[in-house]
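Hi everyone, thanks for coming.

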Amino acid sequence: MKKHYTLLVLLISIIGFNAFQSPQSPTDMIQKAYLNDMVLFENSIKNLRNAIEKYPLSDKDIKTVFRQTRLSYKKVAWLIGYLEPENEKNFNGPPLTKVDLVGYKEIEPLGFQPIEAIVFGSDIEKDLPKLKQLTADLQLYAKRWTAQMTDQNLSDREVFEAFRTELTQLFTLSLTGFDSPVAFHSIPEVLVTWTALDKNIGFYLKNVEKKDISLENTVENLLRSGKTYLIENQDFNTFDRLLFYKKYLNPLYQSTVKMQKTLGIEFYKLTDGLMRPWNDEAISIFDKKLLNPRYYSSRKQRDFEEDSNRILLGKLLFFDPILSINGKRACASCHKPDKAFTESLSQSLDLNGKAIDRNAPSLMYAALSTSQFWDGHSRSVEEQMGHVTANPREMGNQLADLPARISGSSEYIALFKKAFLNQYDAVSVSNIEKAMGAYLRSLPAFDSDFDKYMRGETDRIDNAVKKGFNLFMGKAKCGTCHFAPVFNGTVPPQYLDTEFEVIGVPNVKNQLDTDLGKYAFVPAEKYRNAFKTITVRNATLTRPYMHNGRYKTLEEVVDFYNKGGGTGLGFDVPNQTLPFDKLNLSAKEVHYIVKFMEALTDKNLPKAPDSLPLFDDPSVALRKIGGEY
């Protein structure tokens with residue numbers, strides 16, 4: 001009897017202890033599940049290493065085990081990509097060398113993509129030592145990441161930001177084939193990632209149910225129906241990316257924002273601490289406020305707020321020829337608003353009317369980039385302004401001389417003081433740059449027909465545009481370099497860097513253009529003939545195309561890519577980053593892609609000011625808005 005009594009007391013004690021234990025939080029459950037997935041990931045890498053060690057007996061097995069290892073990685077990638085975007089490149093960075101800017105030494109890529117290139121290449125045996133080393137490195141990074149995550153204290157805010165970062169990754173990179181360029185295993189991998197998000201979002205749904213059962217049902221339905229769609233649509237070329245985004249991915253993106261607000265979880269404010277390029281409260285990848293142009297400024301201090309006064313001042317300066325040495329050329333002389341801030345010339349003209357090597361790229365979305373100019377020799381639009389002003393062939397002036405010149409206008413002095421809080425030395429080089437930067441950062445409009453459709457502001461869009469978008473983001477591989485939503489080289493999902501590509505553009509004689517591009521000031525072989533990937537937005541207004549204006553129509557541009565770039569044309573371009581293989585696009589498919597790009601034309605382009613500030617000296621009081629050649 002005493003024994004039974006003792007057991008009863010012990011049982012009651014255990015029940016009582018558990019009853020008063022606080023339930024695990026969603027972040028605790030996520031971390032526990034995540035560490036279990038990391039164990040599985042590490043085991044899958046071991047299996048891959050074992051298969052490689054058995055080569056050539058395991059030739060076919062290596063491909064199968066590689067795919068399994070990638071799928072295992074896709075269960076854990078969502079947190080690596082958010083918490084450690086640079087570390088994520090050690091797992092799944094593109095198969096391209098990086099350049100150490102001290103000494104310009106090229107650093108070989110790491111992770112799955114260079115492994116994939118060998119495993120699915122034509123000669124594993126030749127690259128077997130490299131394959132073994134890459135896989136050993138992958139295993140080492142996985143162990144380090146597991147150790148780091150064991151001590152990681154996740155916050156709810158970080159988890160929700162990671163959810164949306166991964167949804168951006170799915171749409172902009174995974175579904176385009178960017179991170180599975182050889183194995184073409186993108187859709188199965190997206191399914192695994194979607195399932196992982198389903199599991200982790202699910203840890204919050206009980207709490208959501210208590211506050212908003214309708215929202216809880218919506219999220220569950222989106223996760224379940226999105227998964228079903230992925231299961232039933234596995235073909236890369238025929239997958240309807242537009243439908244998936246509109247029906248499943250973006251509604252889930254919006255729902256995670258609503259969940260975060262419903263649960264009272266704070267949002268990251270762009271004014272808090274270190275500035276970053278994306279806005280966590282944006283409700284869509286095509287939200288006008290998804291990206292923060294101030295991040296790409298050379299000045300990221302919190303006091304660098306922009307208002308209508310600075311933007312107006314910058315606009316006046318942009319259209320005022322007073323900045324040039326001869327008082328005849330303005331920034332707008334080569335960057336005309338009605339042409340999306342380009343000039344319709346194959347080669348721009350210098351102050352003497354002579355052609356220079358390149359044309360003026362569009363400035364409409366230039367502020368959403370970490371590099372300026374075709375060759376990227378400027379880091380920001382402020383720095384760009386200084387380079388243009390001082391270039392003897394462009395503006396022919398010196399920045400240091402501009403304050404004295406501008407101070408010849410009492411009206412300008414008043415505008416500077418209004419824009420810069422009545423500073424005693426308001427008319428300064430720094431403030432000229434800030435005002436110009438403020439104006440250029442105000443230009444991205446995101447108000448094309450396609451944007452409005454993607455944001456749900458209209459439900460009407462031409463079927464040819466839909467087909468063109470799916471080709472652009474899929475079979476044609478355009479979206480693997482022109483990343484959504486800007487469709488330029490600013491790389492998602494963190495949008496921290498801007499890419500340069502070597503595509504082998506011909507000159508007018510149909511020979512490889514000899515312009516060295518970025519190599520001229522970063523002499524690493526990787527950058528020989530490399531140029532910034534600019535946006536295809538407003539492409540109907542920005543012809544001719546390429547840095548040298550080689551192509552006059554969008555059809556010609558798509559045909560160039562369809563043939564495999566310069567290598568496809570027979571040029572010797574050993575460092576070409578564009579895939580060499582032909583895309584095999586039909587004439588009708590080319591037409592659809594062009595129709596999509598046409599749908600990216602902004603509806604309300606900025607206009608020139610009605611007048612310019614007067615100068616105290618009557619000889620410069622009247623100037624032509626926008627200048628002249």
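Predicted model: local features only at pLDDT ≥ 70, side-chain atom pairs only at ≥ 80, totals over all residues.

Which element gives the largest share of its lining? It's α5, which contributes six residues.

How many cavities of 30 Å³ or more does the structure hold? There are three. The largest cavity has about 130 Å³ of space. Its lining is made of 14 residues, with P361, S362, A366, K532 and I534 nearest the centre. Seven of the lining residues of the largest cavity are nonpolar, six are polar and one is charged.

Next, helix packing. Two packed helices are described by the angle between their axes and the distance between the axes. Start with α8, residues 156-174, and α9, residues 186-211: they pack at about 160 degrees, and their axes are 11 Å apart. An angle over 145 degrees counts as roughly antiparallel, so that is how α8 sits against α9. Their crossing is left-handed. On the α8 side, the contact includes V159, F160, F163, L167 and L170, while the α9 side includes V190, W194, L197, I201 and Y204. By class, the contact of α8 with α9 has 10 nonpolar, four polar and two charged residues.

Stay on α9 for a moment, and bring in α11, residues 241-262. The axes of α9 and α11 come within 11 Å and cross at roughly 45 degrees, and therefore α9 and α11 are oblique to each other. This crossing of α9 and α11 is also left-handed. From α9, W194, I201, Y204, L205, V208 and K211 take part; from α11, they meet F244, Y248, L249, L252, T256, M259 and T262. The contact of α9 with α11 comprises 10 nonpolar, two polar and one charged residues.

Let me turn to the backbone. Where is the loop with P485? P485 lies between α19, at 463-472, and β3, and the peptide bond from A484 to P485 is cis, with omega near 5 degrees. P493 is also in the loop between α19 and β3, and a cis peptide bond joins P492 to P493, with omega about 0 degrees. Then there is F446, in the loop between α17, at 429-441, and α18, at 449-454. F446 is not a glycine, yet its phi is positive, about 50 degrees.

One last stop: L35, in helix α2, residues 26-53. L35 and M149 are 114 residues apart in sequence, but 7.3 Å apart in space, C-alpha to C-alpha. Beyond its neighbours within four places in sequence, L35 is in contact with T146, M149 and T150.

Terms used
Residues numbered from 1 in each chain as written. Heavy atoms only, no water. 1 Å grid on protein atoms, 1.4 Å probe; cavity = no way out; pocket = protein on both sides within 12 Å on 5 of 7 lines; lining within 4 Å. Points joined across faces, edges and corners; volume = space filled by probe spheres on them. Nonpolar A, V, L, I, M, F, W, Y, C, P; charged D, E, K, R; others polar. Axes fitted to C-alpha atoms, helices over the stretch in contact; angles between N-to-C directions. Helix = DSSP H or I, 4+ residues; strand = E, 2+ residues; numbered from the N terminus. Parallel < 35°, antiparallel > 145°, perpendicular 65-115°, else oblique. Left-handed = near helix turned anticlockwise from the far one by under 90°. Contact = heavy atoms within 4.5 Å.
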